[in-house]
Amino acid sequence: MTDTQPVQSPRSYRTLWLRLSPKVTIFNFITYLIGALFTVSFFVFLNSTSSFVLGQLLRIPSDQLGSYTGSLSFYDQLVSIVMVFVWGVASDFVGRRTIYSLGYIFIALSLFLTTFATEVYPSLLLYRLIFAIGGSSASSMLTAVLADYAGDEDRGKISAVAGMMTGLGAVISAFVFIRLPSTDADAIAGLRKAYIIVGAIAAVTGILLFFGLRREYGAAMGGSESSSIVSTDDERTVLTSASASTGEVPISAEKRVANSAAAGGESSAEDASSSSRPAAARVESVTGRRLTVKQRIINIGVVAKEGILAARDPIILLGYLGGFLARADTIAVTTFISLWVYNHFGCSDGDKTCREAYVLSSTLSGVAETLTLVGAPIFGYLGDKVYRPISTLIATILGFIGYAMVFAIENPTSKAMYVAMSLIGLGEIGMIVSSLALVTGRFIPPEIRGSVAGVYSFFGALGILIVGRVGGELFDTWKPTAPFFLVLAGRIIVFPIVVVILVRDVWLVLKERKEAQAAHAAQGGEGQEVVGASVVKTSVGQALRERYMQKKAIGSR
């Protein structure tokens, strides 16, 4: 047992108008924003051009494109689900910087190799899985590095900046990357050239991240920062002292790390002082020992159980369903719009340049992505001003109208498509923002926030798996707009759930108000401190928001 005491982390400091974590420079932060810019753009490019690769490069018949596209997306997502965990564990041992940059190298390798594909199975599938390996690294480290770099005072602002950069990257991909093949007179040569150019950008980004991001310290890098470790024998004392000061029930450090990792590195306020270090280093700083890979795998079951139990709270369940629809929106916009446009212009003839198809596909996707960029601050503002399920209801209605229009439209060149894609873009970002707000509320106890975030991510992955696989089959066997009907059906299911939750909560607020009025009247209605006085004077909307902020999650323990 050592008498070494934990060292408190230095306070965050202001860089430009934002407060970053200690030892994070403005160069580190700008490098991170560049990585955020391109993380989503490569996903949009790959999904939007996959139909052209299948049809023009591999000469897959148009009546089989939906099935092949859905299958590739399905296997891609299965690998991503596993690799997000693998990369998360690896980043705790070798550092975020290495894993983040390595992910972009895998993405670049996949894009380069795609130009040499000769058949769907096994070559194109193998290259797509390499992309999934790299993409899962980039997406998981995008969140983890954000958690490491953001100062607690400006964590929300920095998250908003990172979100805007990812949205801008999607717009750049839609209006620039997707149009690259159309600049060459030879369709196949243009497609290959586009993949090489985008792959080169990915490689350069990976190199920039390796040299531009901060080198981690602590246990993950074998640095000296871990000198502030207390011994294993002192673990109970440390946790008990911490719980006494915060009023929380002590939980193991391993559980805190598992929850934090499942949340993509998001730290609660009480863990903020150590958020600048990888999770393994934070465990060592408290327990003096490192979690093994086996322990981390066991913790996944704990995380899943707690997250599922939390869904007994209708608000959290609504957040999970919103996550499902948000990710389903993503694959519908980036994959099946371009596939529909490709088939409409008859691009299966490899000799056609299909410039019109590339331009229309990029324009329609670009309209949706632009509206997501515009809608993000709008729904962020609504989330702070109104009862949050109302934001989910608005996003559900917008998406419902947009997908209903697309399903009814027979020709993707119709002018009505621009209105539909605008509504879909707003509905998509609205569902993303509102569902995230529902599963990250402060009413969720800190010890299960990571569990909730992990299950939320699983529902999102499930949305991609179902819409990708089933939508692809329906595209071939029913009609080109069938995948959009799946997302439309999802909103039809969610709509009554939102309404029931809102009606229930309004009824509870009115009931509480009636009881408060009766108590207020019984006491003569005098004074501002009389029981029920504040309830009587509060509007229903404000009462709903206050009830949401003060409630306890049913699935907590």
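Colleague: How far apart are Arg469 and Glu473 in helix H15?

Modeller: They're 4 residues apart in H15 (residues 446–477), so about one helical turn separates them. Helices here are DSSP runs of H or I with at least four residues, numbered from the N terminus.

Colleague: And what do the side chains of Arg469 and Glu473 meet in?

Modeller: A salt bridge, 2.9 Å from N to O. That term means a side-chain nitrogen of Lys or Arg within 4 Å of a carboxyl oxygen of Asp or Glu. Keep in mind that this is a predicted model: local features need pLDDT of at least 70, side-chain atom pairs count only at pLDDT 80 or more, and totals for chains, interfaces and linings use all residues. Residues are numbered from 1 along each chain as its sequence is written, and side-chain values use heavy atoms, with hydrogens and water left out.

Colleague: How many salt bridges does that rule give?

Modeller: The count is 5. One of them joins Asp184 to Lys193, with the closest N and O atoms 2.9 Å apart.

Colleague: Is Asp184 buried or exposed?

Modeller: Buried, at 18% relative accessible area; the cut-offs are under 20% for buried, over 50% for exposed and partly exposed in between (1.4 Å probe, protein chains only). Lys193 is partly exposed at 42%.

Colleague: Switching topic, where does Ser41 lie?

Modeller: In helix H1, residues 26–57. Ser41 has 1% relative accessibility, so that residue counts as buried.

Colleague: Which residues is Ser41 in contact with, leaving aside neighbours within four places in sequence?

Modeller: Gly169, Ser173 and Phe177. Contact means heavy atoms within 4.5 Å.

Key. Helices (H or I, at least four residues) and strands (E, at least two) are DSSP runs, numbered from the N terminus.
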